[in-house]
Amino acid sequence: MDTPTVGRRTTPPERLDRERQAAPQVFERLRSMIIALDLPPGSPLSRAALATQFGVSSTPIRDALMRLAEEGLVDVFPQHATVVSRIDVKRAQQAHFLRQALELEIVRSLAVAGEKPLVAALDRLITRQQQFAKAGDFESFMAADNDFHAELYAAADKRDLWTLVRSRSGHIDRLRRLHLPSPGKAQDIVQHHRLIAKAIGAGEPDQAQQHLRAHLSGTLSDLETIRTLHPEYLSD
């Protein structure tokens, strides 16, 4: 089996918006690069080089790296080095457990409520995902995937829970990024989204939960294949 291509950007991020605080922007940029595997596990992160890259002082870099460390996405070795962490399988499993528990209840409540306007918004996001899948644009595909789920939380008036889930999902998201180039994986995700949206629109809570459970479990069910292809990226 061929190893899926994860892809890496070769150009540095653009400079920051000077009207906003620097540290949150650096954090988001670095987090996105880690999730996208542009900065794969084991990548060294030099504070001096990052300060030059982003055009900021060392303080925003330090603060951003501290936030990344809190999410377990970097390992900081005082007076030595900071490196992108390996993907922690146990953390990924815990994030999956949290997300599934929340979203099963969310899709049930939305289906019971018969959220017809929501379905139109979900369908638009699914169309975008389909376009990104056909183009092989995995980064945009994952962003649209997140937008789909964020829309569910927003419709259920649970936006703060989406923020919580996102802060715990760095490891499972990296597993998903490794899995995404596998043949048929992107289309499976699109189909699951279609079925979830259809069940919500039809007022079928049991079906909505069934399709969501299948959708969220796809990557972990193929964990051993991912581990075989990328043993250097994963830790137990």
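**Entry 1: Leu37**

I looked up Leu37 and found it in the loop between helix 1 and helix 2 (47-54). Helices (H or I, at least four residues) and strands (E, at least two) are DSSP runs, numbered from the N terminus. The model is predicted: local features need pLDDT of at least 70, side-chain atom pairs count only at pLDDT 80 or more, and totals for chains, interfaces and linings use all residues. Residues are numbered from 1 along each chain as its sequence is written, and side-chain values use heavy atoms, with hydrogens and water left out.

Is Leu37 buried or exposed? I noted a relative accessibility of 0%, so Leu37 counts as buried (under 20% is buried, over 50% exposed, in between partly exposed; 1.4 Å probe, protein chains only). I then checked the backbone of Leu37. Its phi is positive, about 70°, although Leu37 is not a glycine. Most residues other than glycine have a negative phi.

**Entry 2: Asp157**

I looked for another positive phi and went to Asp157. Its phi is near 60°, and Asp157 is not a glycine either. Asp157 sits in the loop between helix 6 and helix 7. I noted 59% relative accessibility, so Asp157 counts as exposed. Leu37, by contrast, is buried at 0%.

**Entry 3: the largest pocket**

I turned to the open spaces. The largest pocket holds about 290 Å³ of space. On a 1 Å grid over the protein atoms alone, a pocket is an open set of points with protein on both sides within 12 Å along at least five of seven lines, a cavity is a set where a 1.4 Å probe fits but cannot get out, and lining residues have an atom within 4 Å of a point. A volume is the space filled by probe spheres set on the points, which are joined across faces, edges and corners.

I listed the lining of the largest pocket. It has 16 residues, and Arg31, Ser32, Ile35, Met142 and Asn146 lie nearest the centre. Which elements give two or more residues to this lining? They are helix 1 (22-35), helix 6 (138-155) and helix 7 (159-168). I sorted the lining residues by class: seven are nonpolar, three polar and six charged. (Ala, Val, Leu, Ile, Met, Phe, Trp, Tyr, Cys and Pro are nonpolar, Asp, Glu, Lys and Arg charged, the others, Gly among them, polar.)

**Entry 4: the second largest pocket and Glu71**

I found about 190 Å³ of space in the second largest pocket. Its lining is Glu70, Glu71, Arg91, Gln94, Ala95, Leu98, Ser167, Arg168 and His171. Helix 4 gives the most, with four. By class, I noted two nonpolar, three polar and four charged residues.

I picked Glu71 from this lining. Glu71 is in the loop between helix 3 (58-70) and strand 1 (74-77). With 14% relative accessibility, Glu71 counts as buried. Leaving out residues up to four places away in sequence, Glu71 touches Phe27, Arg31, Arg91, Ser167 and His171 (contact means heavy atoms within 4.5 Å). Arg31 was in my notes on the largest pocket.

**Entry 5: the cavity**

How many cavities of 30 Å³ or more are there? I counted one. The largest cavity has a volume of about 190 Å³. It is lined by 15 residues, and Asp145, Arg176, Ile189, His215 and Thr219 are closest to its centre. Helix 6, helix 8 (170-179), helix 9 (185-201) and helix 10 (205-221) each give two or more residues. Helix 6 gives the most, with five. I sorted this lining as five nonpolar, five polar and five charged residues.

**Entry 6: aromatic rings**

I searched for aromatic pairs and found one. Tyr153 and Trp162 form this pair, with 5.2 Å between the centres and 55° between the planes, and it is tilted. (Rings of Phe, Tyr and Trp, its six-membered ring, pair if their centres lie within 6.5 Å; under 30 degrees is stacked, over 60 edge-to-face, the rest tilted.) Both Tyr153 and Trp162 are buried.

**Entry 7: Gln93**

I ended in helix 4, at Gln93. Its relative accessible area is 38%, so Gln93 is partly exposed. Leaving aside neighbours within four places in sequence, Gln93 is in contact with Leu220 and Leu223. I also checked Gln93 against Arg166: they are 73 residues apart in sequence and 14 Å apart in space, C-alpha to C-alpha.
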